[in-house]
Amino acid sequence: MPDSPKLRPFNGRLSRSAFFWRFIVFHAAELFLTFFLVGKLGLAGSLQRLLDHGVPLSLFDHRFTMFFLTVNIFSLIVMLPVIVRRWQDIGWQSSTAVFYYLLSLFLQTLFLYKPIYQTGQLLYIITQLAFYIVLFGKKGKPGSNKYGPDPLARTSP
């Protein structure tokens, strides 16, 4: 069986620029699909109530809550390997990246519920900012580390 990185999505390292482009492409596609599907599924009224009144969507439409959870699961499946590989490029344990990413998804769902709406929203924003500042700002370890070779290292022909 061939040894392909596609069969091992959590192995290896990812440079900041490669992470940046994957992040942009994924979130642009996610945003487009979300707005497209919100219109197709008839959830625009719930979205409009959120924008007008700042009231969590789940109070109006449980279909939107299910849609929101589906988007989060999709995000988890697609972005987690990318985030783990970027975290490994920095030289940190991948289990920490998994913890912070799952925490941010949990906090994101918290602000759907009225009693903890503002606290959940604030914690989510702080967590996301800290997490992505590290992922975008911290340089990877030069040279090889235990997760693989430097993604920016030049190879001789």
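Among contacts in the chain (heavy atoms within 4.5 Å) between residues at least 6 apart in sequence, 71% join residues at least 24 apart. This is a predicted model: local features need pLDDT of at least 70, side-chain atom pairs count only at pLDDT 80 or more, and totals for chains, interfaces and linings use all residues. Residues are numbered from 1 along each chain as its sequence is written, and side-chain values use heavy atoms, with hydrogens and water left out.

**Overall build**
- The chain holds five helices and zero strands. Helices (H or I, at least four residues) and strands (E, at least two) are DSSP runs, numbered from the N terminus.
- From the N terminus on, the order of elements is α-α-α-α-α.
- Of the 157 residues in the chain, 37% are buried. Buried means under 20% relative accessible area, exposed over 50%, and partly exposed in between (1.4 Å probe, protein chains only).
- The accessible surface of the chain is about 10000 Å², and carbon and sulfur atoms account for 69% of that surface. Areas come from the Shrake-Rupley method with a 1.4 Å probe; for residues, only the protein chains shown count as cover.

**Asp 150**
- Asp 150 sits in the segment after helix H5 (117-137).
- Asp 150 is buried but has no salt bridge. A salt bridge is a side-chain nitrogen of Lys or Arg within 4 Å of a carboxyl oxygen of Asp or Glu.
- Lys and Arg count as positive, Asp and Glu as negative; His and the chain ends are not counted.
- The side chain of Asp 150 reaches two backbone nitrogens: that of Gly 143 at 3.2 Å, and that of Leu 152 at 3.0 Å.
- Leaving aside residues up to four places away in sequence, Asp 150 touches Arg 13, Lys 141, Pro 142, Gly 143 and Ser 144.

**Gln 88**
- Gln 88 lies in helix H3 (residues 62-90).
- Gln 88 counts as buried because its relative accessibility is 5%.
- Beyond residues up to four places away in sequence, the residues that Gln 88 touches include Phe 10, Arg 13, Asn 145 and Tyr 147.

**A nonpolar surface patch**
- Phe 32, Leu 33, Phe 36 and Leu 37 form a nonpolar patch on the surface, with about 380 Å² of accessible area together. Patch residues have over 30% relative accessible area and no salt bridge; like charges are joined within 9 Å, nonpolar side chains (Val, Leu, Ile, Met, Phe, Trp, Tyr) within 5 Å.
- Leu 33 is part of helix H1 (residues 16-40).
- Leu 33 is partly exposed, at 39% relative accessible area.

Technical notes. Polar contact = N/O pair within 3.5 Å; in protein donor to acceptor, adjacent residues only side chain to side chain.
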